[in-house]
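Hi,

Here is the structure I promised to pass on to you. Have a look at it first, and then read my notes below.

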Amino acid sequence: MELEHVSSESSKNGTEAGTSSLETLNKEREKILQSEDSLHGKVVPKAGMILNSEEEVYNMYIEFARQEGFGITKRSTRSGEDGKFKYYTLSCVRGGKRISTAKNDFNPRPSTKTNCQAKINVIIGNDGCCTISRVNLEHNHALSPHKSRFQKCNKKMDGYVKRRLELNDQAGIGLSKNFHSLAIESGGYENLTYTEKDCRNYIVKARQLRLGFGDAQALGNYFSRMHQRNSNFFLYD
């Protein structure tokens, strides 16, 4: 009987030791993952996190999304009794149901919506601080970290880039060389936060603005020259 008692106690201690070891391994693994995230500068959103402002929440989540490989958008918002926003949601850009906007049923437009539920819910305090109340990090679609820069929320073109594009365009430098020079300056195409198409669209708008101003000025100069040549030249309404 004593041997059975000892055997039973040994078995119990062994089970407890095994469970304890498993919990320890899990905790160690969690620490390693957290260390790796910190090493790579990735802050993972968690329920209970408190940030100083909505801007800080957005910057944190969009950086996380960029590294993971998905776009984000601001969705549902709710106001308190005082009319101020109290709750809002930042979710994966592929959330929502597929709705075709095509007028021609035989040529439907492809939709990127997959009803993805990945999101964070945020509560805004009276002091302006924001608390992340709920987090869902699970996506129902593939993520593409190397394509994050093509997400609409990640595209941006600062004043320096716009000025460079305009000056090079006025100097007669083609768009391809113009875009290539910016890529070299940034250390590679993968470091650009805009595409060649974005540059082309901006140059087209800049040309239209210059053309609008230039047309009026050129027309005024033309009338002045014509009047100098012929004092009887007048423009009738």
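What follows is a short tour of the nonpolar cores and the salt bridges.

One thing to keep in mind is that this is a predicted model.

Let's start with the inside. In soluble globular proteins, nonpolar side chains tend to be buried together. Here the largest nonpolar core has 19 residues, and Val57, Tyr61, Phe70, Tyr88 and Ile120 have the most contacts inside it. Which elements give two or more residues to this core? They are helix H2 (54-68) and the strands E3 (85-92), E4 (119-124) and E5 (130-136). H2 gives the most, with six residues.

If you set aside its neighbours within four places in sequence, Tyr61 is in contact with Pro45, Phe70, Ile72, Leu90, Ser91, Ala118, Lys119 and Ile120. There is also a second, separate core, made of 13 residues, and Leu165, Leu175, Cys199 and Ala206 are among them.

Now for the charged side chains. Side chains of opposite charge can pair when their charged atoms come close. The count of salt bridges in this model comes to five, and I'd like to show you some of them.

In one of them, Glu185 pairs with Arg164, and the closest N and O atoms are 2.5 Å apart. Are the two partners buried or partly exposed? Glu185 counts as partly exposed because its relative accessibility is 46%, whereas Arg164 counts as buried because its value is 18%, and buried means under 20%.

Another salt bridge joins Arg207 to Asp169, with 2.7 Å between the closest N and O atoms. This pair too links distant parts of the chain: Arg207 is in helix H5 (residues 196-229) and Asp169 is in helix H3, 38 residues apart. Arg207 has a relative accessibility of 46%, so this residue counts as partly exposed. Asp169 is buried, with a relative accessible area of 12%.

Finally, look at Arg200 and Glu196, whose side chains meet in a salt bridge at 3.8 Å, N to O. Both lie in helix H5, four residues apart, which is about one turn of the helix. Arg200 counts as partly exposed at 41% relative accessibility, and Glu196 counts as partly exposed at 28%.

Enjoy exploring!

Best wishes

Key. Residues numbered from 1 in each chain as written. Predicted model: local features only at pLDDT ≥ 70, side-chain atom pairs only at ≥ 80, totals over all residues. Heavy atoms only, no water. Core = buried A, V, L, I, M, F, W, Y, C linked by side-chain atoms within 4.5 Å. Buried < 20%, exposed > 50% of the residue type's maximum accessible area, 1.4 Å probe, protein only. Contact = heavy atoms within 4.5 Å. Salt bridge = Lys/Arg side-chain N within 4 Å of Asp/Glu carboxyl O.
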